[in-house]
Amino acid sequence: MNKQNDTNNNQASEQFIELLGQPYDAKQVQTFLEPFGVEKIGKPDGPFQDDIIWSVKASVRIDVYRSPKINTLTGRDDLPADEWIIGAIYFLAPGSDDRIKKPFAGQLPKGITMNATPDEWIEAYGQPDIYEQGDWLGGSGPYLAWRKSDINISVEYETDEDSSVITCVKYCLIGCMGAWKSDYPEVFSP
């Protein structure tokens, strides 16, 4: 991959994270995914107050929500009403979902890649608020999570006899990590 693509791919992950809490705009998201060969991205069309937008080609998942669900999850009332709001961005690798055949190819913020070790994440983000080593809800490798000023960051690994590999890196608004809110409210609840 050439230097220009590395820059574009790094910018894409940072641009996605800046979209958290913003209205979903398919054209804008598609522009961010162009460096990964994505020519078209879907729009939310679910009948419920949440939906998932997949870009299997780029190994990216976007969770979107409508009011009042996004407000209930996040405890916020300053998010636009009557629009799909981006609540979470997932950078994926094989093992996260059967549809994902290759890891997200770009750099993540702070120069991290999908090959990073837990120690590299800790070096970049500091000591995690949660660091599970073995089996945990949904995984078999290390799980790291941080609570930052208005977002959560989580990193999931799968471990076999030989190695641990990242399967999912998630950046989300605080409150959008539903499965863990009751187990670790100090990290995931608004």
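## Close-up views of a predicted model

**View A. Phe-91 and Phe-104 are both buried.** Here, buried means under 20% relative accessible area, exposed means over 50%, and partly exposed is in between, using a 1.4 Å probe and protein chains only. What you're looking at is a predicted model: local features need pLDDT of at least 70, side-chain atom pairs count only at pLDDT 80 or more, and totals for chains, interfaces and linings use all residues. Residues are numbered from 1 along each chain as its sequence is written, and side-chain values use heavy atoms, leaving out hydrogens and water. There are eight aromatic pairs in the structure. One is Phe-91 with Phe-104: the ring centres sit 4.6 Å apart and the planes meet at 50°, so this pair is tilted. (Rings of Phe, Tyr and Trp, the last by its six-membered ring, pair if their centres lie within 6.5 Å; planes under 30 degrees apart are stacked, over 60 edge-to-face, and the rest tilted.) The two partners come from distant parts of the chain, 13 residues apart, with Phe-91 in strand β3 and Phe-104 in the loop between β3 and α4. Helices (H or I, at least four residues) and strands (E, at least two) are DSSP runs, numbered from the N terminus.

**View B. Tyr-125 and Trp-146 make another aromatic pair.** This one is tilted too, at 5.6 Å centre to centre with 45° between the planes. Again distant parts of the chain are linked: Tyr-125 belongs to helix α4 and Trp-146 to strand β5, 21 residues apart. Tyr-125 counts as buried because its relative accessibility is 12%, and Trp-146 is buried with a relative accessible area of 1%. Look for Lys-110 as well, which lies over the face of Tyr-125 at 4.6 Å from the ring centre. (A charge sits over a ring if NZ of Lys or CZ of Arg is within 6 Å of the ring centre and within 35 degrees of the ring normal.) Lys-110 is found in the loop between β3 and α4 and is exposed, with a relative accessible area of 54%. Its phi is near 65°, a positive value in a residue that isn't glycine.

**View C. Helix α4 has a buried side.** In this helix, which covers residues 118–125, the buried residues are Pro-118, Trp-121, Ile-122 and Tyr-125. They span an arc of only 100° around the axis, so they end up on the same side of α4; the arc is that of the directions from the helix axis to the C-beta atoms. On the face turned away from the buried side you'll find the exposed Asp-119 and Glu-123. The buried residues of α4 pack against β4 (130–132), β5 (143–147), β6 (151–159) and β7 (164–173). Just past the helix comes Gly-126, with a positive phi of about 90°.

View D. Leaving aside neighbours within four places in sequence, its contacts include Phe-16, Ser-59, Met-114 and Tyr-171, where contact means heavy atoms within 4.5 Å. Phe-16, Phe-32, Phe-36, Phe-91, Phe-104 and Tyr-171 form one aromatic cluster.

**View E. Arg-61 sits in strand β2 (residues 60–65).** The Arg-61 side chain makes a polar contact with that of Asp-63, at 2.8 Å. (A polar contact is a pair of N or O atoms within 3.5 Å; within protein, one must be able to donate a hydrogen and the other to accept it, and residues adjacent in sequence count only if both atoms are side-chain atoms.) Arg-61 also lies over the face of Tyr-90, 4.2 Å from the ring centre. Not counting residues up to four places away in sequence, Arg-61 touches several others, among them Ile-52, Trp-54 and Ala-88.

View F. Ser-59 is buried, with a relative accessible area of 0%.
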